[in-house]
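Dear colleague,

I am passing on the structure below, together with some notes on what turned up when I went through it. Please read them with the coordinates open beside you.

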Amino acid sequence: MRQKLYRRALAILCVLLVFSQMVQAAASYHNEQQRLLEEELTKEKSKLTLWYTDDKLNAYLVEAAAEFEEQHKVEITLQLVTAVDYIENINTASISDLGGPDLFVTSSELLEKARLAGLAVENDSFTKQELEAFFPQKALDAATCGGKLMAYPFYFETCFLLYNKGYTDAAPKAIDEILAYADNFESGAGTENVESIFKWNVADIFFNFFFIANYVNLGGPTGDNKAEVQLSAEEIIECLKYYQSLNAFFAIDADEVTTDNVLQEFIDGKIVYTIAKTDAIARLDAAIAEGLVYQIPEEEAQEPAEGEEGGEAEPEEGAPEAEVPEEEVPEETPADNGYFYGIAQVPDLTEGLHTKGLSVTNSVAVNAYSRERDLAKAFAKYLTYDKANDLYTMTDKMPVKMGVSYANSEMEILIAQYEDSVEVPKITDLSNYWIEMEIVFANIWRGNDVQEEIDAVNQSVQTQLQTEE
């Protein structure tokens, strides 16, 4: 009997011991989970800082940052900074105790400087097949330095031809056709408001460079090879002489003309043809929406002369109905897309002198000094690819990503113009070329000798290139 009591007491004790251990294990697990939860709550989020210089990107970047923050445990700071000494300021901040941006938006002409300063890492977020499928080669070349893709292509600017559909049915293939139009132009009903047949900002190199762009080589396809700089082709002289001759036809005052004024005159129906930049489309569409576009009056139908009856003659009774041969049935005319302006690529000068537009590509670069490189790369990809469909509607900037749709289908021509453009070079030794060429174009427009002007600037550039070797 006593042995049974001992056994029962021992069994109860064992159960109590096991239960006690279970309670301790449960308490230990609970405490550990609580500790991990507290660590998670108190743990600081990863942080990214983006620098940019264009305030038109504000709304897009703010929305993109908020969306990316929701998807990742990250806090993003957006910093609008001055464009003056942009790369130098990024470098100074990056090597300081405070640290610089994790990623930054930069134009193609500054990308080589950023790479040489050690401020950019390779874009390895896409496969070769994805890059070919999603981005035009022009954009990839613009983001390439030293044979590597060093940034994430974002958006582009280029120049193109605008024409008023109320005055002309189609875009000219060459400026020679514009001259012929001007020769035959007669002011009358519907055209009395026209003051200039062809007008553009002759004081801005961005709108002038297309005259010679087809015959210059600014560093090869990627714009960073000094061995491929060619600025003295014979055709350049011919193109500049042609450019100079246009002053006699259109007499544009280089001291008075501005891009804003030219575009406003186009909206007011005072200009038939102009050279514009991609940001002009948003301004034209805003003018349409606000009802500020000049309405070309329709030509009044002529009244029938006395003794004549208007309209079609009635067939005689019993006469057979006239049959219209099938081949004479007029083709259906293309439907108007509802916009008063037409978009076209820049025209050639003549049948023998060809042109190309100038372009600038802006990209997002990931800073090599960033402590959050992988996260910065993910955000760069989100900005330039995942969310790119919203870029134009929020910023009026044209994304380089292919497949984006636009309300005006003619805007696809801008993509074609971009792909056939000459990109601003990345070679730092050519940075003064644009200032000097702007002066050259101004001097030539005013009548200076073409050969002397172009020889002087070429000698200056070649000296600079040789000095830096």
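A nonpolar core, as the term is used here, is a set of buried Ala, Val, Leu, Ile, Met, Phe, Trp, Tyr and Cys residues joined through side-chain atoms within 4.5 Å. Please keep in mind that this is a predicted model.

The largest nonpolar core holds 140 residues, and among these Trp200, Phe209, Ile212 and Tyr433 touch the most other members. The element that gives the most to this core is strand 6 (residues 152-164), with 9 residues. If residues up to four places away in sequence are set aside, Phe209 touches Val216, Leu218, Leu358, Val422, Tyr433, Trp434 and Phe441.

Helix 15 comes next, and its buried residues are Tyr433, Trp434, Met437, Val440, Phe441, Ala442, Ile444 and Trp445. At 1.5 Å a residue, the 13 residues of helix 15 (residues 433-445) should span 18 Å, which agrees with the 18 Å that separates its end C-alpha atoms. Just after helix 15, Gly447 takes a positive phi of about 115°.

Lastly, there is a pair of packed helices: helix 3 (residues 86-94) and helix 4 (residues 108-116) pack at an angle of about 30°, and their axes are 10 Å apart. Because angles under 35 degrees count as roughly parallel, helix 3 and helix 4 are therefore roughly parallel to each other. Helix 3 passes helix 4 in a right-handed crossing, where Tyr86, Ile87 and Glu88 in helix 3 meet Leu110, Lys113 and Ala114 in helix 4.

With best wishes

How values were computed: Residues are numbered from 1 along each chain as its sequence is written. This is a predicted model: local features need pLDDT of at least 70, side-chain atom pairs count only at pLDDT 80 or more; totals for chains, interfaces and linings use all residues. Side-chain values use heavy atoms; hydrogens and water are left out. Buried means under 20% relative accessible area, exposed over 50%, partly exposed in between (1.4 Å probe, protein chains only). Helices (H or I, at least four residues) and strands (E, at least two) are DSSP runs, numbered from the N terminus. Contact means heavy atoms within 4.5 Å. The expected span of a helix is 1.5 Å times one less than its number of residues. Axes are lines fitted to C-alpha atoms, for helices over the stretch in contact, and angles run from 0 to 180 degrees between N-to-C directions. Angles under 35 degrees count as roughly parallel, over 145 as roughly antiparallel, 65 to 115 as roughly perpendicular and the rest as oblique. A crossing is left-handed if the near helix is turned anticlockwise from the far one by less than a right angle, and right-handed if clockwise.
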